[in-house]
Each structure stands twice: as structure tokens, then as C-alpha cells.
Amino acid sequence: MGAFLDRRELLRHRPGDVGLARQAAYDLAAAGAPQAALVFAEQHPETLAGEAGESLRQHLLGDVAARHIRWGWNEPVLDPARRRHEAEAALALLEPMHRRDPDHRRTRRDLLLAYRLAERMEDVIALWEREIDRDAAPYWVINPAADAYLALHRPAEAEALYRTLAEERPETPQPWLGIYWAAIEQRDFDAADAALDRLAEIPGQELTAAIQRGWLLLFSERTVAGLEHFEALFAEHPGDPRVRSGLASAALWLGWPRRSLEQSEQVLARTTLAEPWVDAPSARITRAGALSALGDLGAARWEAEELATLYPDNLHAVRLRRDVDTRLDPEVRFDARYETSDRGLGEGWGHLEASVPVGTRGRVAAGYRTSVSEDDRHVAGEVEIAALALSLQPRRWLALGAEVEWDLADGPFERDPGARARLTLLPRDRLRVDLGYSADTWRELPLRARAAGLVADSFDLGLAYQPDAYWETRLAGGRSEVSDGNERTWGLAAVQRLVREGPGYRATLGAEVYASDNSRTDVPYFSPESDRSASLTHRSTWLTANEPGHRRSLSLFLHAGVYDQEGFDAGAVGGAWLEADWDFAGRTVVVLGAGARSQLYDGQRELDPRVYLTLRRRF
Amino acid sequence: MLRAGLFRAASPPTAWWAAVLLFVGLAATPAFATQAGAATPRAQSGGSPPVGSPPGGSPDSGSPAGGSPASGLVPAPLAFAWGVVAEPAEEGSLAPGGVAEHLEFLQAHGWPVVLPGEAAAAVTGHAPVVVLTFDDPASAHRYVLPLLDLYRLPAVVTVGPGQAADPALAAVLQELAASEWVELAPRVEAAETTGAAERVPRCAPAGAAGDAARDDIERLRRSLAGQVERLRALTGRAPRSVAWEPGTWSGAGERVAARLGLAVQLPTFTGTPPVLEPALGPLGGWGRVPRHRLPPGAGIWALVQGAARWDPQDHPVRFVALDAAAICSGGAAERTGRVLAVVDRLDLNGLLLRAGDAPGVAAGDVAAVAAAARHAGVRQVMLEVPADAARAAALTRAVRPDVVLLPAAADLGGVAAATEDGGIAVVAGGEVADAVRDAYPAVRLAVRDPAANGAFTLAPSAPGRSPVRGLTVAAASSGALDPEAANAEAAVRAAAGWHWIGLPLDLAETALVRSPHALAAFALPKGP
């Protein structure tokens with residue numbers, strides 16, 4: 001500024017000195033006043049004449065455009081509809097300049113920055129790959145190019161650029177964060193962890209690195225470890241909304257929506273404001289996810305719609321809306337299975353069901369179910385059923401269901417319609433109580449019982465509780481009265497512990513005990529006077545793909561134990577099966593499983609195979 | 001349809017292996033199954049473009065980068081105050097380029113820049129009306145005046161008593177006054193008042209507070225008259241506005257200024273500037289334009305936040321509440337030490353001084369606690385005053401709180417009124433309200449909610465905005481201090497949109513013996 005003032009003073013004495021005036025304009029721009037320099041130049045129009053004048057004009061307009069870009073990065077925006085204002089102002093200057101002089105290096109580089117600010121990532125890449133001298137590019141040009149590669153899901157190219165930056169500017173957080181994200185995108189969690197180590201070495205970035213380490217645990221499918229990490233951070237930094245956000249997401253990913261909702265609402269209470277309008281879309285996305293998980297789909301949809309409208313370029317907001325919409329879409333489901341039970345009787349099953357939502361808290365379904373027996377002697381027990389069902393979740397803590405089924409089989413029996421009702425209480429995230437009652441139903445009965453025209457009235461009660469993120473416990477019991485007078489009572493207790501988690505793998509070990517009692521043994525179907533068993537269970541799940549819109553996993557289930565039937569010797573039993581799951585954005589789900597079990601029936605060992613397929617599609 | 005019942009009649013136990021895993025869905029749902037809304041990483045960890053953003057980029061979704069402030073800005077007039085401009089910028093000063101950037105930002109975004117006397121008429125409702133003020137005439141003359149000339153922007157250069165009397169500045173002031181873009185105005189500095197807030201706390205009845213206030217006003221009258229006369233002599237024009245340094249502005253001071261022909265008041269605020277109401281009373285009619293003092297190195301954030309009357313550090317407000325006994329217990333060091341310990345552990349940004357029921361506590365003692373808390377980072381001080389208007393005014397004058405919590409409506413004869421939705425609307429009027437606003441016109445009023453113990457409602461921060469609700473959580477449960485219950489209550493209130501939430505000092509001390517985690521609902525992020 002001092003130089004400008006001095007030259008302006010000289011200019012009073014030499015008013016015709018164009019070079020002096022031009023230099024004064026450059027001085028003013030260099031002092032940080034490019035708009036004032038333009039005004040000054042226009043007050044001395046000869047400064048803008050000729051090649052030197054054009055060069056001055058381009059320089060000053062470039063400075064003005066650069067200033068808009070910087071404002072775009074730094075300015076708080078209280079109206080999302082105008083988020084692009086500065087980028088657009090910069091582009092309005094830079095694009096014509098670039099068209100006029102495509103070889104102007106500074107314009108090219110600033111244009112790349114403006115595209116990045118406008119989140120026009122394809123344009124960033126096009127400019128970077130075709131027009132930028134990459135070997136000579138400074139860090140502030142490399143950085144947006146790397147961001148664009150990352151945004152366009154080209155993480156390897158992004159990482160290479162971030163590593164270049166990290167060599168040049170290891171003391172700044174941007175390259176390490178870039179490497180971290182690019183590595184996660186490539187599921188290279190060790191590289192992401194190493195980048196966080198470097199980030200944590202930068203003064204002032206320690207907490208950021210610690211928070212991202214929690215996210216890394218979540219991204220690498222170590223949800224429980226991630227939750228514990230965020231809980232430890234929360235004890236140290238209870239006021240930090242980023243820590244609370246981490247806790248909220250960890251809880252949601254663990255299937256604890258209430259806790260997630262509580263934390264997200266605390267984040268929102270700290271980071272949002274109605275007047276002026278200050279928003280925290282990430283926390284709102286998590287909150288909407290929690291509402292969706294709690295069955296409050298109306299509120300979730302309202303939130304998702306608003307987020308997607310306000311932030312149409314935010315992939316997560318758009319994905320949230322899609323996920324919530326998917327849950328409210330009509331569904332068609334097909335199940336097929338083959339299994340052996342009831343002392344070696346094989347049976348194939350088919351089930352087709354269509355359901356449509358009723359409002360946001362209910363669903364009506366209509367279905368058809370059929371079975372085919374392998375043994376011609378029991379064809380009378382084959383099932384052919386039409387069913388109509390209604391399920392409701394009127395409150396977050398309450399789910400209700402009712403179903404009526406009609407016998408369509410052309411068999412010897414005249415069965416009245418069967419009815420079922422189910423009530424589920426969800427008072428807390430980690431506690432669930434199920435109560436079920438069915439009257440005059442037959443499809444769950446063994447084939448031989450169905451072939452005898454029997455029906456049953458049943459009552460069951462289940463309780464599931466998770467003391468913490470590692471343990472799951474279950475208690476269940478029930479009683480049935482079969483129409484032949486047989487009264488059956490059963491009970492089950494099971495416990496399961498998470499023993500290994502991520503990346504890409506999860507394993508549990510558990511134990512369960514079971515006992516049942518039947519009042520009649522002189523019946524055609526398997527009905528032990530009493531029996532009991534104790535088993536160890538194991539489940540391994542490998543996550544083989546986890547990308548936006550596509551998730552694939554493979555699970556192995558094992559169990560081994562001792563089965564003791566009254567009147568027969570106790571013996572070992574066990575089983576194994578594999579299940580593959582494909583989930584395409586929740587819209588199409590395919591489950592395929594196969595396995596076998598070794599079981600004792602009246603002291604006789606049998607190997608029961610089982611194969612099943614589920615297809616679910618939402619429209 | 002319904003999930004298959006738990007009953008598998010006549011099946012051996014191993015038929016349960018499928019049923020067991022399906023049972024209640026817990027086991028069947030892999031823990032790493034993603035949920036709607038918890039979809040992917042980057043949204044969850046702070047916004048979509050965090051990667052390698054250019055320095056200064058703001059990845060946090062709460063403050064998305066890019067764009068122009070169009071909503072949330074308050075169109076009411078606002079002044080910005082710059083200090084010394086120097087090249088190269090030294091500590092405490094701003095470079096000319098920084099000022100130029102501010103001015104270019106205002107122009108680029110269409111904020112009308114006017115002189116103080118034109119501010120009220122310029123309000124259109126679309127953009128904030130801005131008055132530019134510079135407090136260092138010498139640097140304003142050298143660096144700012146050429147910029148004003150090029151940008152064609154008017155500005156006020158304020159002149160303190162020392163600057164007005166400095167012979168070396170006489171020529172500068174004359175040249176500034178000669179510019180078509182500059183208007184000179186006197187500036188009242190803190191040294192001209194007795195400054196009750198700076199007195200040593202003594203915890204005894206305030207004896208001659210009324211005399212001290214009268215002395216302050218007389219001293220102000222003499223000083224300001226001298227400044228006005230000096231500026232008139234130097235420039236040949238009488239100033240029309242007056243700037244007030246923090247801690248100097250009052251209703252009584254305004255009346256002094258008005259009698260000297262200074263029609264527009266420019267009180268200075270270092271934090272978020274309030275929206276000021278027009279002055280009331282027989283001398284009313286002059287304008288009030290709050291000045292937002294821009295700290296050295298301030299970027300455009302400071303402009304936008306000032307115009308929006310929003311600073312993230314003020315939202316939400318979590319405060320510690322001191323009753324009269326706590327204000328006046330033990331020595332000065334002890335009572336401030338207790339407050340500061342709690343403020344520091346929980347990073348609180350608010351303080352409630354319940355001086356209303358303590359007739360024996362001197363205003364200076366209350367002010368000393370407030371000053372210490374402010375020094376420790378507290379940004380919002382709320383003062384609960386008694387129904388005695390004179391006492392309320394004395395306390396307000398000494399503390400200069402951000403908010404005054406009036407006594408219950410029943411004691412004030414209609415200061416508060418219930419709204420249709422069951423809330424409380426603050427209604428202007430009432431002797432106490434008038435007294436405190438005369439003592440410190442920038443104060444924001446709040447009233448007790450008669451329907452809820454500890455709850456109160458603050459007047460809107462700006463026209464068109466909603467009242468803000470707050471409360472002090474219950475200190476005790478079943479007769480004992482219960483941090484867990486207090487924390488739970490605070491969490492519920494926060495989620496319900498209550499913005500000011502505080503806890504009593506003794507409760508905070510009890511809980512912090514355990515851990516700050518016990519009061520997580522009150523804890524705020526560490527400040528910058």
C-alpha cells in the first residue's frame with residue numbers, strides 16, 4: 001500500500017506516465033485491493049490499453065476471482081441455496097478469461113480451484129489431465145485435483161497426489177487426511193491408520209486424529225471397538241460435538257438407535273440454530289437414520305426429504321432419502337427351501353408374498369405358501385395356504401402384527417382359518433420382548449402331524465437382552481396344545497459373545513440349553529416325553545464386499561452339543577451351514593444357504609440337509 | 001408377514017439353530033450392517049468434501065464452505081470498528097489489504113454503506129446497513145482514505161480525547177474532515193468514567209453509589225463537550241454522532257451526548273453486537289448503531305457473524321448459576337476461584353448472577369465476579385435483579401450484563417405476558433425494565449417463567465426472531481444434590497430446543513469431584 005501511495009504521489013507530478021500508473025495499479029492489487037486497483041486503472045484508462053494493459057486487466061480480474069474463491073472457502077453460509085455464490089462469481093470471471101487465453105497458466109489453475117469449489121469434479125479432472133502442467137503444479141493445484149479423484153471414486157490416483165503433497169508439506173493436515181480417506185476407500189486400513197499417526201504428530205491435530213481413528217474402526221467393521229474408542233474420547237471431551245457424532249453413529253451401527261438418537265439430538269442442540277439458519281447435515285442424517293431404525297419412518301422421511309432438497313449434491317443425504325423411501329416401498333418376497341425333519345422326512349417349501357405400506361407405520365401383506373413332501377405317504381400334510389397379514393409399529397417401543405391364513409389344499413381336511421398375533425415391546429435399545437399367540441394353525445407342525453389333520457394353539461414368549469456390545473442373551477419359552485390333545489412345553493436359554501470383529505470378519509461364540517416336554521408320546525409325529533440339550537454355537541461372517549449400493553457377506557454357522565431324550569441314551573449332535581447374502585442398496589436382497597445337521601430321533605441318528613433361498617425386491 | 005413363531009412343534013432342539021439366530025433379530029443382524037442414514041464414512045465424520053481442502057476450508061458440515069450470506073443476516077444498522085491500520089501489520093493492527101478485503105466484501109455482496117445519520121433511512125430489509133468506523137485517525141488518513149476514495153464509501157473516523165487534543169493530529173483531522181467520504185465523531189473512552197466494575201470487591205453494602213454515578217456523568221459531560229468543541233474548531237463542523245468504547249455507554253450518557261447535538265450513538269461491542277432499540281423518553285429520537293469491533297486479523301467471518309448477530313461460541317449457552325450466598329462467600333479470590341474452576345472444567349460460556357435476593361451485596365462485588373468470569377472466557381453474563389428499580393439499575397450499571405433476568409412477572413406489574421403456546425413473551429415496560437435498560441441500553445431482557453421452576457425466557461435477539469428459552473436445572477433430587485438427574489434434565493431440555501441451560505455452582509462442584517463426564521450435557525467444546 002505504501003508503494004501505491006508513493007507512486008500515486010509521483011503521478012500527481014507526472015500525470016501522463018502510463019507506466020507509473022500501471023505499476024501503481026499493480027501495487028494496489030499486491031496490497032490486497034484488486035477491486036480498488038481496477039477502479040484506479042479505469043480512472044487512468046490508458047493503463048488498460050495495449051498488450052500491457054490487457055495483461056494488467058487479466059491480472060486484476062484474476063485477483064478478484066481468486067478473492068471470490070477464498071471467500072468461498074472461508075465464508076460461513078447461512079443459506080444453503082446460495083452455497084455456490086462465490087464459486088459462480090469466480091467462474092463468471094475465469095471461464096471467459098480462459099476461453100480468451102487458454103494458455104494463461106494462472107487462469108487455468110484458478111479455474112481448477114473454482115471448479116473444485118463448485119464441486120464440479122469432472123471439470124476439475126478434465127482440466128487437470130488435459131491442461132495443467134502437472135510436474136510444475138503447486139500444492140494448491142494438486143490438492144483440489146486429488147479431492148476430485150477421491151470424490152469420483154478414483155482413490156488410487158487421489159492417494160498418489162496426496163502422497164506428493166505429504167512429501168512437500170508434511171506439516172499440514174490436508175495431505176494426511178487425504179491419504180486417510182483414499183486408503184479407506186481402498187480398504188487399506190493399515191495405510192489409513194499410518195496416515196492418522198502422522199496427522200496426530202501435527203500440533204493441534206491430536207484430537208482430530210483421535211476422532212478419525214474412531215471412524216476408522218467403524219469403517220473397518222470394528223464397530224464395538226469404535227464405540228469404545230468414542231466412549232473413551234467422550235469421557236475426556238464431553239463437550240465436543242464431533243465426539244458425540246462418532247458415538248451416535250457407532251450406536252446406530254450397533255443397532256442401538258435410541259442411544260444414537262439421543263447423541264445426535266445433543267449434537268444438533270449444539271450445532272444448529274433456527275435463526276440465523278445454521279445447520280449440521282451430518283448429525284441430521286444420523287438422526288434420521290436413528291428414527292428410521294426406530295420405525296418412525298414418517299419423521300425420517302420428512303428429514304431425509306429436506307436434507308436431500310437442501311443438499312442435492314450430498315451423496316449421503318441422497319442415499320438416506322433413497323434408503324428411507326425403500327423402506328416405504330412395496331415389496332415382493334420369495335422364499336424357497338428344502339429341509340428334512342421329523343425323522344427323515346424331506347419337504348420342499350415355497351412362499352410368495354407381496355406387501356405394501358399403510359401410512360408410515362404399517363404394512364399389509366398377502367401371501368401364498370405351499371409345501372411338497374418327498375414321501376407320498378404324507379401328501380395329506382402338504383401345505384397350501386393363502387394369508388393376509390397386517391403389521392404396525394404405532395410407537396417406537398411397540399410393534400404389533402396379526403395374520404389370518406386360509407387352507408387352500410385340496411386335501412381330506414376341512415380346516416378353519418388359522419390366526420396369529422404378535423406383540424413386540426422395545427422399551428430399550430438392548431431389550432426386546434416378544435409375545436406371540438396363534439390359534440388353529442398348522443404350517444409349523446411336523447409333516448406327520450399335518451398329514452393327520454392336526455392343528456395347534458400356541459403361545460410363546462421371548463426375551464432378548466444385550467448387557468453390553470459384546471454379550472447377547474436370550475430366553476424363550478412356549479406352550480402348544482395340539483388338537484390331538486398333546487400338550488407341548490419348551491424353553492430355551494442362550495448366550496453369545498462377540499470374540500472377533502473386523503476388518504471384514506466377525507465371529508461369535510455361544511452356548512445354549514434347551515428342554516421340552518410333551519404330554520403324549522403315542523402320536524404319529526416325533527414327540528418325546530421330554531428332552532434336553534446343551535450346545536456350543538459359533539458364527540463367522542466374512543464381509544466380502546461393502547460398497548455403496550452393494551454389500552455381500554458369507555456366514556458359517558456351527559453348533560455342537562449333547563442331546564438327551566427321555567428313554568434313550570444321550571448322544572452328540574451338531575450341524576454346519578453356510579449362508580451367502582447379497583444386498584443391493586436394500587432394494588434387492590438375495591440370501592442363499594445350505595447345510596446339514598446330525599440329530600438323534602428316538603436314539604436313531606439322522607443327517608438332515610437344508611437348502612434355502614430368499615429373494616426380496618422393493619419397487 | 002409375521003415372522004415365524006418360536007414354536008417348532010416336535011422338532012428336536014437342533015431345529016432351533018435357525019430359529020435361534022432369527023430370534024428377535026439381534027443375532028441375525030450383523031453388527032456391521034449399515035443402517036439407513038449411517039451409510040458412509042465421510043458424511044458421518046464431518047461433511048462430504050473434507051479431503052485436502054485448501055487451508056481455511058471448512059469441512060465441517062455445520063459451516064459449509066462456499067456461498068454468500070443471504071439469509072440470517074439482520075438488516076438493522078450495524079457499524080464495524082477498525083483500529084490501527086499499519087503496513088506491515090504489527091501486533092494489534094490490521095494491514096491495509098485486510099481492510100480492503102473487508103470493504104470489497106461489503107461491496108461485492110451489496111451491503112449498503114452509509115453514514116450514521118443515514119442508517120435508519122437506509123434499512124430496506126434485504127441486506128445489513130453498514131457504517132464504517134475507524135478509531136485511529138492517523139492510519140485512517142494514510143491507508144484508509146485512499147481506499148474510501150476509490151471504493152467511494154463513506155466512513156466515520158472516531159477521535160478519542162487524547163487524539164483530539166494531540167497537536168500532531170490536527171492537520172490529519174482537518175484533512176480527514178475535508179474529505180467527502182469522512183465524517184469525524186468523538187469517541188468516549190473508558191477512563192472517563194469511574195468504572196464501578198473495576199472496583200475491588202468488598203462484599204458490603206454499596207454506600208455512595210448514586211454519588212459516584214453522578215460524578216461519572218458530570219465528568220463525561222465536561223470531557224465530551226471539550227471533544228465536540230475541539231472537533232468543531234478543527235474542522236469547522238459540529239460532529240453528529242459519538243462512539244462509545246466498551247463499558248462507557250449508558251442511558252444517562254446518551255442524554256449527555258444528545259444535549260451536545262450528538263444524535264447518533266455508536267456503542268462498541270467486542271462480541272456479537274446486539275440489535276439496539278431506538279432510545280425512549282423525552283430526549284428520544286436519536287439513533288443507535290452498535291459498533292462491532294473487528295479484532296486484528298479478522299477475516300470476512302467477522303463481518304458475516306456480526307451482521308447475523310451470530311457467533312458459534314455463543315451457541316448454545318451453558319452457564320453456572322451463583323446465588324447471593326455464593327457471590328459473597330469467603331474472600332474475593334475464593335469466590336471467583338470457585339466459579340473459574342467450574343467454568344474451566346466444563347468450558348462453560350455463561351454465568352448467571354442471582355443478585356436479586358441479596359440486598360447486602362455490593363454491585364461492585366457482583367461485577368468483580370462477572371469480570372473474572374469474562375476474563376476466563378465466559379461470553380454471556382446474565383444478571384438476575386431485584387424488583388427494586390434503583391437497585392436493579394445500580395447492579396446493571398456495574399455488571400453491564402448481556403442479559404438481565406427480571407423478577408417474576410407478578411412483582412413487576414405486566415412486564416411478562418403469556419403467549420398462546422404457553423411460553424412467555426417479554427413485553428417492554430415496567431419500572432425495573434426501564435431502569436436496567438437506562439443503565440445499560442444494550443441489555444437483553446429475560447423473565448422468569450412462572451409455570452416452571454428455574455425456567456426463563458429471553459427476548460428475541462433480533463426483530464423477527466423467536467424468544468429463547470432457558471433454565472437452571474433443579475439442584476436437588478429428594479433433598480440431595482443429584483448430578484445425574486441434572487444432567488438428564490439438561491439433555492432433555494437441550495433436545496427440546498432450550499438454548500440456555502445452567503446448573504447451580506454447588507451442584508457443579510459436587511459433580512466435578514467425580515468427572516466432567518457426569519455433566520456431559522453442560523460441557524461445551526474447548527474454545528479456540
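In chain A, ring pairs join Tyr180(A), Trp181(A), Trp215(A), Phe219(A), Phe230(A) and Trp253(A) into a cluster. The model described here is a predicted one, and it holds 18 aromatic pairs over all chains. One of these brings together Phe319(B) and Phe456(B), whose ring centres lie 6.0 Å apart with planes at 40°, so the pair is tilted.

The charged end of Arg430(A) sits over the ring of Trp256(A), at 5.1 Å from its centre, while in chain B Arg493(B) lies over the face of Trp498(B), 4.4 Å from the ring centre.

Leaving aside neighbours within four places in sequence, Leu28(A) is in contact with residues including Phe4(A) and Phe40(A) of chain A and Leu147(B) and Leu150(B) of chain B.

Helix H6 of chain A, residues 105–117, reaches 19 Å from its first C-alpha to its last, close to the 18 Å expected. Eleven of the 13 residues of H6(A) are buried, so the helix is largely enclosed by the rest of the structure, and the cover over its buried residues includes helices H4, H5, H7 and H8 of chain A. Just after H6(A), Glu119(A) takes a positive phi of about 60°. Glu119(A) is partly exposed, with a relative accessible area of 23%, and forms a salt bridge with Arg84(A), the closest N and O atoms being 3.6 Å apart. That pair links the loop between H4 and H5 with the loop between H6 and H7 of chain A.

Side chains of opposite charge can pair when their charged atoms come close. Over all chains, the structure has 81 salt bridges. In one of them, Glu403(A) meets Arg443(A) at 3.2 Å, N to O; Glu403(A) lies in strand E5 and Arg443(A) in the loop between strand E7 and helix H19 of chain A, so the pair ties together parts that are 40 residues apart in sequence. Glu403(A) counts as buried at 2% relative accessibility, as does Arg443(A) at 7%.

Conventions: Residues are numbered from 1 along each chain as its sequence is written. Chains are lettered from A and ligands numbered from 1 in the order in which they are written. This is a predicted model: local features need pLDDT of at least 70, side-chain atom pairs count only at pLDDT 80 or more; totals for chains, interfaces and linings use all residues. Side-chain values use heavy atoms; hydrogens and water are left out. Contact means heavy atoms within 4.5 Å. Rings of Phe, Tyr and Trp (its six-membered ring) pair if their centres lie within 6.5 Å; planes under 30 degrees apart count as stacked, over 60 as edge-to-face and the rest as tilted. A charge sits over a ring if NZ of Lys or CZ of Arg is within 6 Å of the ring centre and within 35 degrees of the ring normal. Helices (H or I, at least four residues) and strands (E, at least two) are DSSP runs, numbered from the N terminus. The expected span of a helix is 1.5 Å times one less than its number of residues. Buried means under 20% relative accessible area, exposed over 50%, partly exposed in between (1.4 Å probe, protein chains only). A salt bridge is a side-chain nitrogen of Lys or Arg within 4 Å of a carboxyl oxygen of Asp or Glu.
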